[in-house]
Amino acid sequence: MSFELETAANPAGLQRVVIEPVSRVEGHGKVSILLDDDDQVKQVRLHIVEFRGFEKFIQGRPYWEIPVMVQRLCGICPVSHHLAAAKALDQVVGVDHLTPTADKIRRLMHYGQILQSHALHFFHLSSPDLLFGFDSEVAKRNIVGVAAEFPEIARQGVLLRRFGQEVIRVTAGKRVHGTGAIPGGVNKAVTREERDVLLKDIYQIIGWCRSAVALAKRLHLANAGLYNSFGAFRSNLLSLVGPRGALDLYHGTLRARDSAGEIIFDGVDYSRYWEYLTEEVKPWSYMKFPYIRELGAEEGWYKVGPLARVQNCDFIPTPFADAERREFVDFGGGLPVHATLAYHWARMIELLFSAEAIKDLLHDDDILGDELVVEGEHRERGVGVIEAPRGTLIHHYRVNEDDVVVRANLIVSTTHNNQAMNESIRHVAKRYLNGRKLTEGLLNHIEVAIRAFDPCLSCATHALGRMPLRIELFDAEGACIDTLVKDSHERCG
Amino acid sequence: MRLNPGPGIAPRLIIGIGNPSRGDDAIGPLAIERLEALALPDVELLTDFQLQVEHALDLVGRREVVFIDAAASGAAPFSFEPAAPAADASATSHALSPAAVLQAFLRVTDEPLPPAFVLAVRGYEFELGAPMSAAAARNLDAALEMLVSRLTD
């Protein structure tokens, strides 16, 4: 099936604009836009141009290597892959309930990752657009520009990152390539000294997170007309929720709501996710398009991540974040907020929740315990689902009698949001690009919409010399007539 | 939180960047692994998948910093050049260049910038799951020979 502006009726003879790769988006993403002779938008597509070969990378390895190996799939959210894999392999080793120490250490690690990922996104990747405007001077529209005009914001962003990283180091053993989570538990607890060091800073961190929510909210409310409509579209929402409908980013059951907020399904055991979710393949994209099976591809696609989670849950189990959630829900006037730019506000509510959750866990003596691992009877299949910073992340493994992984299926957060991101950029293209001469500022509007989802198309290599941004403009005959590179300008040929 | 490091910080920092499971992108982490085995005095070693803003804080209080990374183009077996702060295109990415990290250092700290160098070791293949190529391994040997000699002089 095809959505509006997904496929032009007569693509031959249309002008083609390509944004490749999208700046401040991890990995190799590309947007192509087809315009007719009157500069009317006829087709818009977000492509994932790199085939990642995740499953092939994992298959054939002994299961106990997987939680460490999968961190190498992504340099941005290695902890999310680490924990999703460990959760799946808990099932493989026959463990349905971890010890309180193992469960809380993993949660601490996860909330450290959420904190540092959300801080990076808001303070360093999105704040330039939000503080200076989408078509402000390009030389200023980056974190260096923010640091020059808002030094305290830039500084707090760095320190929030560093704190989250310290939480990861303490729980995973190292800042990167950690080995903390293992099938059936964890391999280390937190020492009293490590805890005390983190406790010393946590109240300052919570204070900065509260300020960050206030800033995101203020930016939204100060320009509500733009923020409510920019790239906005209605869709279903999907996420895990914890017991009694609590926001829980580490564990829970699957819940889906429709665009009006009505429950589609709830309390679903994720170990049989495929009975509820399936994927559509489209010839123009390597990335699949997931949807809710019972609704079909046309009606069943959904969004995941902060905007879905904050509205899918019934409450947040920490006081400051829940007060912010209630204000956010009130802003929607009884209906879900579908504004793409509201992702930023929702993301900062989760940032605050993560900081409060870290504080609660640090005060819990279970994290100092010594019962780290449990074992059970081995099973041949395991599914682990976690709410990664960008949304629902599914790891699914089948292990043979020799303890080797023979099948792996990963559905990453950005894949869940594939249709949602395409919808958002089509709305933006139609609203802002139709009939206008394209400029860098206008094309940045497309990137602003994509960045709101914080996609990780990853998990590309980052060797020196592999990070350009290119925007190519083709004429109706398909010849490249202009190329913009992010920090220079050059002509084709 | 404080920006400043505690006492006893090593005067030299070497940061190896890359993904050990992406072919020649393993150059950075492998270099760190081999340097660790030498247990060089007054040197702190650090590895990560990619550089980000918080790495600016690792530079505080250093006398010298070396970034080791695979280079997808440029001179073989390696180049070793001073790095200067710059707000390049990577400032808008999940992964920063060494120059952008130095720029971030200037923006978020009031400390003097330590001399910094980039050891760019030529790599050729970067596929997920691929081993390091023989040519890149030779380049890494040559690069480490130069670096160790410099560190121990």
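Residues are numbered from 1 along each chain as its sequence is written, and chains are lettered from A in the order in which they are written. Because the model is predicted, local features need pLDDT of at least 70 and side-chain atom pairs count only at pLDDT 80 or more, while totals for chains, interfaces and linings use all residues.

Chain A has 15 helices and 17 strands; these are DSSP runs, helices being H or I of at least four residues and strands E of at least two, numbered from the N terminus. Of its 493 residues, 54% are buried, where buried means that 20 or more other C-beta atoms, placed from the backbone, lie within 10 Å of the residue's own.

The largest nonpolar core has 181 residues. Such a core is a set of buried Ala, Val, Leu, Ile, Met, Phe, Trp, Tyr and Cys residues joined through C-beta atoms within 7 Å. Helix H12 (residues 342-362) of chain A gives the largest share, 13 residues. The core lies between domain 1 (15-50 + 428-490) and domain 2 (98-232 + 345-373) of chain A, because both give residues to it; the domain bounds come from an automatic or database domain assignment.

Ile66(A) lies in helix H2 (residues 66-69) of chain A. Ile66(A) counts as buried because it has 25 C-beta neighbours inside 10 Å. Beyond four places in sequence, its contacts (C-beta atoms, placed from the backbone, within 7 Å) include Ala85(A), Leu89(A) and Tyr397(A).

Note on methods: Buried ≥ 20, exposed ≤ 12 C-beta atoms within 10 Å, placed from the backbone. Contact = placed C-beta atoms within 7 Å.
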